[in-house]
Amino acid sequence: MADGNHLDAIMEPNGRVRSLRRALDAVTDRLAPVLDLSRPYIDGVDNLPPDGRFLLVGNHTQAGSEIFLISDAVRRTIGTRVRPLADRGFGRLRGLPADLMAAFGGVIGEPDSARELMRHDQTILVFPGGGREIGKFKGEEYTLRWEGRSGFARLSVENGYPIVPVGLVGGDDVYRSWTTRDSIYGRFSEALGRRLNGRPDMAMPLLRGIGPTLIPRPRRMYLRFGPPIDTSTPLGIDAPGWVEAVKERTRRELETILADLQRLRSTDPYRALNPLAWRSATTA
C-alpha cells in the first residue's frame, strides 16, 4: 500500500524533481531532430483522446525504446506528460536515480498510485508483462507475457478509464538470443533467478547484436496507437467477468497491432536504417 506522503509526491514533486524535469524536457526537445533522423514509423496518433485521460497498454522490447518513443509521441501530439508505471523493484531506488525516474514521470506500479493518477486524469502507461517481457529468448520476439496479470483492466474498469493499446516493433531485433528458453542455458538461467530473487520468470537470455557482439543492430522502430477501448461496465455483466473481457480484448488488439507492424516492416526497404533506402521508407 502507498502511504499518503507518497501519493502527495506523485502529483506535487519536490523542487529537485521539478528542476530535473525541466532539464529532461529541454534535452528531449533538443534531441528531437536526432530522433527524427531515424524516421521512426508512427501512426494512430489520431486515436489519442485529446483530454489525456486514458491508459496506454504496451509491449516491452529488448531495446527498451518503447518508453521514450511512446512518451515523446504523446507529448508531441496532445501535449500531455505520460506517467509510466514502473516495476515495484524500482521502489528500492534512492537519491538521484529515484529523482530521475520521478522527473521522467515514472511512478511505482501500485494500485493506490495508479488510482491517484486516474483521479487526476493523468495519461498513464503500463506494460502488463513487466520486466519478464524484456528478456526474450529465441522465438519469443513480440510475444506478450502477461501470465494472468489483469490489474490494469481492473483499475480501468473501476475508474471508467479508456484503454489505448500501443505496440512497438523493432526493439526485439536490436538484439537476438542465442538460445531458447527450454535449452540447458535457459533452464539454468531460470533456476538462478529463482534462487537469487524468487523469480524464475526473470531469466535472462544470452544476447547478440551485430554478429557475435553486443553492438546493437540498427533497426527502424514501428509504433502504432490503436483505437480507445471503452471500459464502462455494461448493464447485466458482473464486474469480474467484465474485467476479464477488457483484459482479453486489450491483449487481442495489441497482438493484432504487433502482427500488422511486423508485416509492414517486412516490406519496408528502410527497416535496417540503410541510408540508401531513406527516400523509399514506408510512411504512415
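**Reading a predicted fold, feature by feature**

User: Which residues form a nonpolar patch on the surface, and how much accessible area do they have together?

Analyst: V27, L31, V34, L37 and W278 make up that patch, with about 450 Å² of accessible area together. To join a patch, a residue needs over 30% relative accessible area and no salt bridge; nonpolar side chains (Val, Leu, Ile, Met, Phe, Trp, Tyr) are linked within 5 Å, like charges within 9 Å. Areas come from the Shrake-Rupley method with a 1.4 Å probe, and for residues only the protein chains shown count as cover. One caution: this is a predicted model, where local features need pLDDT of at least 70 and side-chain atom pairs count only at pLDDT 80 or more, while totals for chains, interfaces and linings use all residues. Residues are numbered from 1 along each chain as its sequence is written, and side-chain values use heavy atoms, leaving out hydrogens and water.

User: Where is L37, and is L37 buried or exposed?

Analyst: L37 sits in helix α2 (residues 15–37) and counts as exposed because its relative accessibility is 53%. The cut-offs are under 20% relative accessible area for buried, over 50% for exposed, and partly exposed in between (1.4 Å probe, protein chains only). Helices (H or I, at least four residues) and strands (E, at least two) are DSSP runs, numbered from the N terminus.

User: In what order do the strands form the sheet?

Analyst: Two strands pair if DSSP finds at least two bridges between them. Here 7 strands give an open sheet, ordered β1-β9-β6-β2-β5-β3-β4, with mixed pairing. At the edges, β1 (41–43) and β4 (107–108) each pair on one side only.

User: What covers the faces of β9, or rather, which residues of β9 are buried?

Analyst: In a regular strand the side chains alternate between the two faces of the sheet. In β9 (residues 222–225), Y222 and R224 on one side and L223 and F225 on the other are all buried. β9 pairs with β1 in the parallel sense over 3 bridges, and with β6 in the antiparallel sense over 4 bridges. Opposite L223 stands I42, and opposite F225 stands V166.

User: Which side chain meets R224 in a salt bridge?

Analyst: Side chains of opposite charge can pair when their charged atoms come close. The cut-off is a side-chain nitrogen of Lys or Arg within 4 Å of a carboxyl oxygen of Asp or Glu. R224 meets D43 at 2.9 Å, N to O. R224 is in strand β9 and D43 in strand β1, so the pair ties together parts 181 residues apart in sequence. Both R224 and D43 are buried.

User: How far apart in helix α8 are E255 and R251?

Analyst: They are 4 residues apart, which means about one helical turn, and their side chains form a salt bridge at 3.6 Å, N to O. E255 counts as partly exposed at 37% relative accessibility, whereas R251 is buried at 16%.

User: Which residues of the largest nonpolar core touch the most other members?

Analyst: A nonpolar core is a set of buried Ala, Val, Leu, Ile, Met, Phe, Trp, Tyr and Cys residues joined through side-chain atoms within 4.5 Å. Of the 30 residues in the largest one, L55, V57, L85, I124, F152 and I163 touch the most other members. Helix α8 gives the most to this core, with 8 residues. Contact means heavy atoms within 4.5 Å; leaving aside neighbours within four places in sequence, the contacts of I163 include L55, V57 and F152.
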